[in-house]
Amino acid sequence: MSMRDIINDLGVWGISISPDQLKTPNAEFVEGLYCACLQRVTDLSHDSLRDPVQNALNVSQAEDKDLYASALTSSVVLYHLTRFAKAARVEDFNSADITSPERERTLYLLSAFINFIKFKEELCDAFLNDLRERSDSLIIKRNNTIDRVTEIQERIDDLKSKIVQDGPICEQLDSENVALKNTMFLTKDAQTRAVQDVERYKTERNALLERKKALRDELTSIEEIIARTRSRIVQSPERIKKSISIMSTGALEDKKTVAMHEAKARDLQTKINALHNIEKDVRGCIEQLQTIEREVRSLQVSQKELGEQQTHLDDKIIEKNELRLRQERVNDQLANANVKLERAQRHAEDRKLASQKTIERLQLEYDEMVIERRENDKQIEEVRDEASEVEAKMNEHLKNSEAESSQLLAEYWKLRHETDVYMETLANKLNMRVISE
């Protein structure tokens, strides 16, 4: 590329330089141009490399790290510029091209860099941007998946640790649950028997109450009958005494019967109270069993969640493997794209070499034409000089001829005039008539 083309292309990219800087390049100017071209392709610059260099120095055990910062930065920049030059098909790029640049070498390197950047912007930007976006999205998905897998693994570890911690408690609760179940079944059997006894006692009590009511009704009716009978019969002291003794005996028997029934009722009430207490204990046992069943259900739910989390973890592992396979496919596609890029670069390089050879051939022909033109110009100048000399000689010859013609004419007219004068004089002397022409 010519110097003007290099200046125009760099000006389009916002890098303004002068022809004098390209004619006499220095190290700082050349390094700035090369880094600008590198940043155009890889987005790497001194600012972006400063933090990694500082981090590397902080990790290292070297003393006086500030002394090594500039040298390490220059080495990293030279490494990336060498890779960039190899990508642009410049295999012999070295540090001398930066520290002690030469005009022709600098123009050659800038031409290679600019052609590579144009090739990359025209053919590779869309594909590489698509690959970068897809790679970034895959990396983001992978990081999110890794975070989720880590979180799920932490939850699984927590659940496992809780299961391990709750293992003895679960075993104890299971044994207590078995014991409570057995006790509950025994208590339920005792409750069933007690309920049956209570029902039987209730039935007997109701029967006794009905009998007591019947006896009271009978006593009432007998008292009424006695009252009516007293009103009809004549009062006899003996009969009255006898009736009183009989009735006293019956009343005593009835009192004994009532006392016996009241004692039975008290016994039944005691048994009923005992049954109520048993029922309360059974309710407490049932509540404990319900609590245990709730704990068992919660444990089963936890185990189910653990199984779901394990399944989810397996799914995530499968998804992770799929993402790894996709990443491998993307890497293969990227490798194929790099191979295609290298082929395109080689093709472009071949075309560039062919164009360069054609340009060199045309340049040689042009130089030959220039030399021939110069020779022709020289010959034309010589011919022009000869023509000018001939023209000057012709002018001089014409002037001399005109002067000679004028002199000859003057002599001719003078001679004629003298001849006319002589003829007239001769004619006058000879008395001859002369007719002038």
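This is a predicted model: local features need pLDDT of at least 70, side-chain atom pairs count only at pLDDT 80 or more; totals for chains, interfaces and linings use all residues.
Aromatic side chains are considered at the outset. The count of aromatic pairs comes to three. In one of them, Tyr-34 and Phe-113 are arranged edge-to-face, with ring centres 5.4 Å apart and an angle of 85° between the planes. Tyr-34 belongs to helix H3 (residues 27-42) and Phe-113 to helix H7, so this pair ties together parts that are 79 residues apart in sequence. Tyr-34 counts as buried because its relative accessibility is 0%. Phe-113 is likewise classed as buried, at 0% relative accessibility. A further pair joins Phe-93 to Phe-113; its ring centres are 6.3 Å apart and its planes stand at 55°, so the pair is tilted. Since Phe-93 lies in the loop between H5 and H6 while Phe-113 lies in helix H7, this pair ties together parts that are 20 residues apart in sequence. Phe-93 and Phe-113 are both buried. Taken together, Tyr-34, Phe-93 and Phe-113 make up one aromatic cluster.

Leaving aside residues up to four places away in sequence, Val-77 touches Glu-31, Cys-35, His-46 and Leu-49.

Charged side chains were examined next. Five salt bridges are found in a search of the whole structure. One of them links Arg-105 with Asp-92, with 3.0 Å between the closest N and O atoms. Arg-105 is part of helix H7 (residues 103-232), whereas Asp-92 is located in the loop between helix H5 (65-87) and helix H6 (96-99), so the pair ties together parts that are 13 residues apart in sequence. The two partners fall into separate accessibility classes: Arg-105 counts as buried at 19% relative accessibility, while Asp-92, with a relative accessible area of 46%, is partly exposed.

Another salt bridge is formed by Glu-104 and Arg-103, whose closest N and O atoms are 2.6 Å apart. Here Glu-104 is exposed, with a relative accessible area of 55%, and Arg-103 is partly exposed at 32% relative accessibility.

Within helix H7, Asp-197 and Arg-200 are three residues apart, about one turn of the helix. Their side chains meet in a salt bridge with an N to O distance of 3.3 Å. Both residues are partly exposed: Asp-197 has a relative accessibility of 31%, and Arg-200 has a relative accessible area of 40%. Together with Glu-204, Asp-197 and Arg-200 are linked in a network of salt bridges.

The final feature concerns the surface. Tyr-422, Met-423, Leu-426 and Leu-430 make a nonpolar surface patch of about 380 Å². Of these residues, Leu-426 lies in helix H8 (residues 237-430). Leu-426 counts as partly exposed because its relative accessibility is 32%; membership of a patch calls for over 30% relative accessible area.

Terms used: Residues are numbered from 1 along each chain as its sequence is written. Side-chain values use heavy atoms; hydrogens and water are left out. Patches are made of residues with over 30% relative accessible area and no salt bridge: like charges are joined within 9 Å, nonpolar side chains (Val, Leu, Ile, Met, Phe, Trp, Tyr) within 5 Å. Accessible areas come from the Shrake-Rupley method with a 1.4 Å probe; for residues, only the protein chains shown count as cover. A salt bridge is a side-chain nitrogen of Lys or Arg within 4 Å of a carboxyl oxygen of Asp or Glu. Helices (H or I, at least four residues) and strands (E, at least two) are DSSP runs, numbered from the N terminus. Buried means under 20% relative accessible area, exposed over 50%, partly exposed in between (1.4 Å probe, protein chains only). Contact means heavy atoms within 4.5 Å. Rings of Phe, Tyr and Trp (its six-membered ring) pair if their centres lie within 6.5 Å; planes under 30 degrees apart count as stacked, over 60 as edge-to-face and the rest as tilted.
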